Amino acid sequence: MHPLAASGGGQLLPVTPALGAACAVLLAVAALVAGRGGLGHGRAVLRAGLRAAVQLALVALVIAWVVRSLWTSALFVLLMFTVAMRTAGRRIGEGRRRAGAGAGTGAGRRRGGAGRLRVGAGRRRGGAGEGEEGAAGRWEWVWAAVPIAAGVLPVLLLLAATGLLPAKGITVIPVAGILIGGALTATSLAGRRALDELRLRHGEVEAALALGFEERDARLEICRTAAATSLVPALDQTRTVGLVTLPGAFVGMLLGGATPVQAGAVQLFVLVALLAVEAVAVTAVLELVGRGLVGTASGIR
């Protein structure tokens with residue numbers, strides 16, 4: 001066994017009551033700072049921490065049973081994908097609602113502030129079809145499946161086809177989880193930033209349309225740069241690996257007895273794969289926004 005794995009019984013941190021107390025204190029500090037600092041996420045931080053504790057406890061109870069079968073492992077990966085799709089879609093929807101509120105406010109002022117503010121497809125059709133707008137908004141989150149699947153599925157298929165990913169639950173689940181997690185982050189950030197940019201620069205979209213741009217091209221011309229910044233976290237992580245951060249895959253393999261060279265090779269693959277997954281996800285999100293498949297229920301044209 002590698003010397004690093006032998007130290008501390010193969011654990012990064014000892015699992016003791018002190019660890020639980022430290023987690024509780026840090027969560028309380030995070031929630032307090034986010035709340036009192038005016039960040040608007042104090043309760044969300046607290047809920048996220050508690051939810052993570054419950055979910056990890058449940059996973060710890062069932063993971064040993066799940067990985068015994070490739071079929072149950074595939075179902076678990078499908079569950080991860082579904083949760084990621086729903087989470088990313090909800091985050092994009094939050095940006096959609098903010099964008100719709102901004103567009104509706106401007107329209108309301110232009111109409112002298114009379115009546116309720118109306119956004120989305122209903123207003124564009126003269127106010128009729130408010131129910132259709134709500135239905136469209138409720139189901140727009142389903143489109144989040146496209147960028148996540150487009151980024152993750154080809155990488156998993158490539159790994160399986162080349163034999164690099166054994167058909168075992170103990171390897172499929174963590175690899176798929178890493179890739180889905182990266183796609184989730186990129187999809188959420190790209191979608192929200194693209195819709196926010198369209199809201200803030202709505203007049204420029206209209207100007208591009210007046211100049212003869214196609215609707216898709218007009219949207220992409222405005223929001224592409226903002227959405228592309230969603231790749232910055234992955235780029236920074238890759239650029240600084242080994243100098244600023246030692247990611248989980250690297251440390252985990254060392255603790256498991258792998259040599260530093262083996263751990264470094266696997267970590268390099270993970271980072272490069274995440275860059276590919278997130279680049280595809282961001283590009284797919286931009287295409288959805290450009291084609292009006294997301295954001296249309298909020299009045300973004």
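The backbone oxygen of Ala227 lies 2.9 Å from a polar atom of the Ser230 side chain, a polar contact in the sense used here (a pair of N or O atoms within 3.5 Å; within protein, one must be able to donate a hydrogen and the other to accept it, and residues adjacent in sequence count only if both atoms are side-chain atoms). The model is predicted: local features need pLDDT of at least 70, side-chain atom pairs count only at pLDDT 80 or more, and totals for chains, interfaces and linings use all residues. Residues are numbered from 1 along each chain as its sequence is written, and side-chain values use heavy atoms, with hydrogens and water left out.

Ser230 sits in the loop between helix H10 (215–228) and helix H11 (232–240); helices (H or I, at least four residues) and strands (E, at least two) are DSSP runs, numbered from the N terminus. With a relative accessible area of 1%, Ser230 is buried, where buried means under 20%, exposed over 50%, and partly exposed in between (1.4 Å probe, protein chains only). Leaving out residues up to four places away in sequence, Ser230 touches Ala186, Leu189, Ala190, Arg193, Glu278 and Val282; a contact means heavy atoms within 4.5 Å.

Another loop residue, Leu246, lies between H11 and helix H12 (248–255). Leu246 is exposed, with a relative accessible area of 53%. From Leu246 to Gln267 the separation is 21 residues in sequence and 9.2 Å in space, C-alpha to C-alpha.

Leu61, in helix H3 (residues 42–66), is exposed at a relative accessible area of 71%. Together with Val54, Leu58 and Val62, Leu61 forms a nonpolar surface patch with about 390 Å² of accessible area.

For the chain as a whole, the secondary structure comes to 13 helices and 0 strands. Of its 301 residues, 34% are buried. The accessible surface is about 17100 Å², with 68% belonging to carbon and sulfur atoms; areas come from the Shrake-Rupley method with a 1.4 Å probe, and for residues only the protein chains shown count as cover. Among contacts between residues at least 6 apart in sequence, 72% join residues at least 24 apart.

An unreviewed UniProt entry places the feature "transmembrane region" at several spans, including 70–88 and 171–191. Residues 70–88 are 100% helix, with end C-alpha atoms 27 Å apart. Residues 171–191 are also 100% helix, and their end C-alpha atoms are 30 Å apart. UniProt positions follow the numbering used here, feature names are shortened, and annotations may be inferred rather than shown by experiment.

Key: Patches are made of residues with over 30% relative accessible area and no salt bridge: like charges are joined within 9 Å, nonpolar side chains (Val, Leu, Ile, Met, Phe, Trp, Tyr) within 5 Å. A salt bridge is a side-chain nitrogen of Lys or Arg within 4 Å of a carboxyl oxygen of Asp or Glu.
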